[in-house]
Amino acid sequence: MEQSNQDYLTYTVINPTSSKSNAGEVSVKATKDSTISGVLNIPSVIWNYKSYQYYPYVVTTVSEGGFKDQTGITDVYFKQDKQNSGYKITTIGKKAFAGTGLTGVLQLPRTITNFGDSAFYERVL
């Protein structure tokens, strides 16, 4: 299942959720054919409405090549969800931010333990 929460972000389920108290996991990437400009805010939790209930999904991964060649991105923030125990992101995929226009702030949470090859390759500084 893929779900677009904002016009420019797409989430793909990695681990489904079965209840409101058991959060699922998703990866995030730029929506196909989108152009992102300025600040990129990546949430730590998204909510999916299903069968008259909201189910939480934590963002654990930036997909391989997820924001590759998005030269308009200047800053990246991983937004903390204090209600749901903060950050859950653990993986930045291969070439996730390669060829981007990052020139400002890149805020990486301490929870990230896996960086794919060339995750920030040819990043404009």
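I looked up the aromatic rings and found Phe67, Phe97 and Phe120 linked by ring pairs into a cluster. The model is predicted: local features need pLDDT of at least 70, side-chain atom pairs count only at pLDDT 80 or more, and totals for chains, interfaces and linings use all residues. Residues are numbered from 1 along each chain as its sequence is written, and side-chain values use heavy atoms, with hydrogens and water left out.

I paired rings of Phe, Tyr and Trp (its six-membered ring) if their centres lie within 6.5 Å; planes under 30 degrees apart count as stacked, over 60 as edge-to-face and the rest as tilted. This rule gives 2 aromatic pairs.

Phe67 and Phe97 have ring centres 5.4 Å apart and planes at 10°, so I logged the pair as stacked. Phe67 is in the loop between β6 (53-62) and β7 (73-78), and Phe97 is in the loop between β8 (91-92) and β9 (106-107), so the pair ties together parts 30 residues apart in sequence. Strands here are DSSP runs (E, at least two residues), numbered from the N terminus.

Next I checked accessibility (buried is under 20% relative accessible area, exposed over 50%, partly exposed in between; 1.4 Å probe, protein chains only). Phe67 is buried at 0%. Phe97 is buried at 0%.

Phe97 and Phe120 have ring centres 5.4 Å apart and planes at 5°, so this pair is stacked. Phe120 sits in the segment after β10 (114-115), 23 residues from Phe97. Phe120 is partly exposed at 22%.

Last, I looked for a charge over a ring (NZ of Lys or CZ of Arg within 6 Å of the ring centre and within 35 degrees of the ring normal). Lys79 lies over the face of Tyr77, 5.6 Å from the ring centre.

Technical notes
Helix = DSSP H or I, 4+ residues; strand = E, 2+ residues; numbered from the N terminus.
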